Amino acid sequence: MLRFEHVSMSYGSQTILHDLNFEIKEGQFAVFIGPSGCGKTTTLKMINRLIQPDSGHIYLDGKDISSVDRYELRRHIGYVIQQIGLFPNMTVAQNICVVPKLLKYPKEKNEQTVRDMLAMVDMPYEKYAHKYPSELSGGQQQRIGILRALAASPPVVLMDEPFSALDPMTRRSLQLEVKNLQQRLNKTIVFVTHDMEEALDLADVIVFMDKGRIVQMAPPEEMLEHPATEQVREFLGKHLPAPSPADMTAADFMRTGIITVNQNRGIYECVSRMQHHNVDTLLVVDEQKRYQGTVSIADIRLTGHVVKTIGPLVRCTTPTVTVGDNAKDCFDLLISSGFPYLVVLNEDQTVAGIITKTSMASAMAEHLWG
């Protein structure tokens, strides 16, 4: 239906799109997402030739769009943008019929199109057809913008962040309406967003882009189960399925950003650091950042006056676990040991964090309730 073959583009010395190759099937709802400047809007605008590629080909229904008159092409591709772009001096009916009139549809067909379109979004013809855009709410204006894009029954509809300026309730309502319209009319929709929740709700296939390249193209379920990169995983964020409690590890429960100190540091420096961070114990490491034990303010007060560095005062009594250890086993150890925390180590014996009763409770609450 829609196919990109080796499409690239540059602005001066900066490459915007790198050798894009993908296909969107007829009737699919494809959502492009990625960080700002990744090339998603540029890719969208190439489909209706608002932007021309430097190399490569784009095919619509098997026909190279570069061989089609650009104005004729645009009359057969719907286009919805964030700014809506309704003509303020035209009524709702006139706005909806802009493209059908350019295509010289009969007057009776245009009127029926307006009636049918307004009925699809629960906006009665008698009440809304003869109003002007200024008499409509933002959500109603965006609905008319969507209907205008669909009025001539184009095979493809492009949507560039159409709902980003709307309030959450209106946005959610329009998302549901667009998905419903797409399914009823069997339209191919290419949709750009920066909102992963919107992408997951709407898409049949998600195209994740970064720096002008496609990082991953997959249905929402597949992307959630198998994010291709850490960047995709970060975008998915809270939408990723939570791990099973049996599979959770120390890494899921630990506190990070823990204060450590080298074993060769002086007594007064360590006391100062404890005061600054409002703690009574420091984790001690060697020159390679490997964990050696702990030093407490109590030990410093007791024997600190007879040594110059904290090395001789280090204790190795605090229980340790590794980042991959089972979370339940760590919890059992924390309770049975009587210590206020466990030290969590990486495989190379460097400090990853600590597990406290508070961090354990917070992680459990996050896992259960989000």
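R233 and E230 meet through their side chains in a salt bridge, 4.0 Å from N to O. A salt bridge here is a side-chain nitrogen of Lys or Arg within 4 Å of a carboxyl oxygen of Asp or Glu. Both residues sit in helix α11 (residues 230-236), three residues apart, about one turn of the helix. Helices (H or I, at least four residues) and strands (E, at least two) are DSSP runs, numbered from the N terminus. R233 is partly exposed, at 36% relative accessibility; buried means under 20% relative accessible area, exposed over 50%, and partly exposed in between (1.4 Å probe, protein chains only).

A word on the model: it is predicted, so local features need pLDDT of at least 70 and side-chain atom pairs count only at pLDDT 80 or more, while totals for chains, interfaces and linings use all residues. Residues are numbered from 1 along each chain as its sequence is written, and side-chain values use heavy atoms, with hydrogens and water left out.

**Charged pairs**

Side chains of opposite charge can pair when their charged atoms come close. The salt-bridge count comes to 15. Here are three of them.

| Salt bridge | N to O distance |
|---|---|
| R233 and E230 | 4.0 Å |
| E269 and R273 | 3.5 Å |
| D195 and R171 | 3.4 Å |

What does the bridge between D195 and R171 tie together? D195 lies in the loop between β8 (188-192) and α9 (196-202), and R171 in helix α8 (residues 168-185), so the pair joins parts that are 24 residues apart in sequence. D195 is partly exposed, at 24% relative accessible area, whereas R171 is buried at 14%.

E269 and R273 stay within one helix, α12 (residues 267-277), four residues apart and separated by about one helical turn. E269 is partly exposed at 32%, and R273 is also partly exposed, at 28%.

There is a network too: salt bridges link E111, R115 and E126. R115 also lies over the face of Y125, 3.8 Å from the ring centre. Elsewhere, the charged end of R3 sits over the ring of Y59, 4.4 Å from its centre. For such a call, NZ of Lys or CZ of Arg must be within 6 Å of the ring centre and within 35 degrees of the ring normal.

**The nonpolar inside**

The largest nonpolar core has 46 residues, and those with the most contacts inside it include I96, V114, L118 and F191. A core is a set of buried Ala, Val, Leu, Ile, Met, Phe, Trp, Tyr and Cys residues joined through side-chain atoms within 4.5 Å. Helix α7 (residues 138-150) gives the most to this core, with five residues. Another core, of 30 residues, lies apart from it, with I65, L158, V205 and V207 among them.

**Rings**

The structure holds five aromatic pairs. Rings of Phe, Tyr and Trp (its six-membered ring) pair if their centres lie within 6.5 Å; planes under 30 degrees apart count as stacked, over 60 as edge-to-face and the rest as tilted. F4 and F22 are stacked, because their centres are 4.5 Å apart and their planes at 20°. F4 comes from strand β1 (residues 2-11) and F22 from strand β2 (residues 14-24), 18 residues apart.

F29 and F191 make a tilted pair, 5.7 Å centre to centre with 45° between the planes. F29 is in strand β3 (residues 29-33) and F191 in strand β8, so this pair ties together parts 162 residues apart in sequence. F29 is buried at 0% relative accessibility, and F191 is buried at 0% as well.
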